[in-house]
Amino acid sequence: MIYTPESFILFSMEKQSLDTLWFKDAVFYELHVRTFKDSTEDGMGDFPGLISKLDYLARLGIDCIWLLPFFPSPLRDDGYDVSDFYNVHPDLGTLEDFKMFIKEAHKRGLRVIADMVFNHVSVEHNWFQEARQGPSNPKYNWFVWSQSSKKYSNARIIFSDIETSNWAWDPEVKAYYWHRFYNHQPDLNYENPEVREEMKKVVRFWLDLGLDGFRCDAVPYLFEKEGTKCENLPETHGFFKEVRAMMEQGYRDRILLAEANQWPTDTIEYFGDGDEFHMVFNFPLMPRIFMSLARANRQAIVDIIQQISNIPKNCQWATFLRNHDELTLEMVTTEEREFILTEYAKHQKMRINLGIRRRLAPLLDNDRLTMELLTALLLSLPGSPTIYYGDELGMGDNTYLGDRNGVRTPMQWSPDANAGFSEAVDPEYLYMPPVVNPSYHYESINVRTQEKMPYSFLNWNKKTIAIRKKSQAFGRGGFRVLGSENEKILAFLREYKDERVLCIFNLSRQPTFFHLDLSEFANLIPVEMANDTRFPRIKAERPYFFTLTGHRFMWFKIVEPHLAPPKSFE
């Protein structure tokens, strides 16, 4: 069955209700089909395998799955080098398998967004192969060509560890072609209206199959202009506003999520006036979370949120701790970058480009309390949180694998062979080897084992996500920092309609005593949300005292006395 816009809207109204702001309350979960679950014993994850694990994702409590690229590709950049935008890579299944996956996900109340690589294609894409026939071919002007490699010289080289130029020589055309990433990924020429219309057609194709939106890859780089850095140009914003307008006409409950790793003033521009991207990844915030943790000081987090808090009401930040790429440090100062690298990536093999290629647990030395602290912070700061597959278990990484593959190893389902990811007889068939480092070995860090342990990190994540879902203040509420003389403490209020949630985090390893001025809530009751425990009544003109052990947090509802649980003390 092909999902038309009309049939999908009907489905949404029946099953999920047509809520165009659903993304504000959602918890996103990023996964790679290729490394999630193999159903054919060929060592590659696939859509049928993913379907078999949808119940797990529903139990975890996530709302929306984000798929890494699944299109046909030579896989020189793990699928970001697309060779056909209108199909599924044969390793992962068929188009019919994809349709069945969307149907089964929606049946469980799970939405799905997918990576769309707008900026470039693979050198093996038919468009580029036709372009190589020369200027007489209609596809020639679908790419950016030059007789000189000095053009657009102000543009930075993004993959600085590997590439030495943004231009690559094509011996057949006898000209240079432009690429902002790897030299086997020629950039599309968005000055050409045919390119813009074709990419809109690609968007409509997948939306018509029921996809709930796109995570748009590398959006700042679509256009080039001499004398600029070739980033964040007005024409780029103009194109995505066209895509948004198209979606508003026929796909009003679908979303566009921007990957724009830029300085705060540039990042925030991708919301437009509420008419461009629905969501933007909060790259300015992410490294400053790790900085505040290392310094045991809230200021870096507070400062950056104050800079980026004013966004359109129909928009939302997408927050994250880790993902499939390196922990990027491009948009911090040189001094801040060196500090973070020294704290979190002491060995050179942990670094790549201007970032760190490590998963969350290894970054935090596998310290359970710190993992809980940052995950809770992710779930309570303004924005919709994104969890990277396996981080809910505390999965490790393999820094000996090339590029960023060390954080893209198979999902660890069980202590069985191949981590339960695949029943391939020969482990050498596996797309990537599972983690066997003793501290993170799949025999101990896996879904089956942790689901049976009431106090495992996985079950802690399930419980904490469920608590978050009880209050829309986390997804839609305002954000207000509460001052404390103790800078180790980050305390803030999330307020929405009649809901008030107080979030407190001890960023240091030491037990900390502190007080907050809660007098505006005199006579109300703080109720600790994890265990629904009533705390003493707030009194006027008196500070409210707390003690938190190292790297601990607490969430409180602040409610009228008649809504609080029975008294245990006061």
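A residue is called buried when its relative accessible area is under 20%, exposed when that value is over 50%, and partly exposed in between. By that cut-off Asp170, with a relative accessible area of 2%, is buried, and Arg132, at 19%, is buried because its value also falls under 20%.

The model is a predicted one, and its confidence should be kept in view throughout. The mean pLDDT of the protein chain is 94, with 96% of the residues reaching 70 or more. Over residues 1-17, however, pLDDT stays under 50, although the model has 35 contacts beyond four places in sequence for that stretch.

How many salt bridges does the count come to? The count comes to 40 salt bridges, and one of them pairs the side chains of Arg132 and Asp170, with N to O at 2.6 Å. Arg132 lies in the loop between α5 (126-131) and β4 (145-146), whereas Asp170 belongs to strand β5 (residues 167-170), so this pair ties together parts of the chain that are 38 residues apart in sequence.

A further salt bridge brings together the side chains of Arg358 and Asp397, with N to O at 2.8 Å. Here Arg358 sits in the loop between β13 (355-356) and α12 (360-363), and Asp397 in the loop between β14 (384-388) and α14 (447-451), so that parts 39 residues apart in sequence are tied together by the pair. Both Arg358 and Asp397 are buried.

In the salt bridge between Arg552 and Glu372, the closest N and O atoms are 3.3 Å apart. This pair links distant parts of the chain, 180 residues apart, with Arg552 in the loop between β21 (544-548) and β22 (553-559) and Glu372 in helix α13 (residues 368-380). Glu372 is buried, with a relative accessible area of 7%, while Arg552 is partly exposed, with a relative accessible area of 29%. Beyond such pairs, salt bridges that share partners join Asp77, Asp78, Asp325, Glu326, Asp403, Arg404 and Arg408 into one network.

Helix α15 (residues 457-469) has 13 residues and reaches 18 Å from its first C-alpha to its last, close to the 18 Å expected at 1.5 Å a residue. This helix is mostly covered, since ten of its 13 residues are buried; among them are Phe457, Leu458, Trp460, Ile465 and Ile467, together with Lys462 and Arg468. The buried residues of α15 pack against α3 (54-60), α13, β14, α14, α16 (473-476) and β22.

The backbone deserves a separate look at two places. Lys497 has a phi near 50 degrees, a positive value in a residue other than glycine, and is found in the loop between β16 (489-496) and β17 (499-506). Is Lys497 buried or exposed? Lys497 is exposed, with a relative accessible area of 74%. Asp532, likewise a residue other than glycine, has a positive phi, near 55 degrees, and lies in the loop between β19 (525-528) and β20 (533-534). With a relative accessible area of 42%, Asp532 is partly exposed.

Conventions
Residues are numbered from 1 along each chain as its sequence is written. This is a predicted model: local features need pLDDT of at least 70, side-chain atom pairs count only at pLDDT 80 or more; totals for chains, interfaces and linings use all residues. Side-chain values use heavy atoms; hydrogens and water are left out. A salt bridge is a side-chain nitrogen of Lys or Arg within 4 Å of a carboxyl oxygen of Asp or Glu. Helices (H or I, at least four residues) and strands (E, at least two) are DSSP runs, numbered from the N terminus. Buried means under 20% relative accessible area, exposed over 50%, partly exposed in between (1.4 Å probe, protein chains only). The expected span of a helix is 1.5 Å times one less than its number of residues. Contact means heavy atoms within 4.5 Å. pLDDT is the predictor's confidence in each residue, from 0 to 100.
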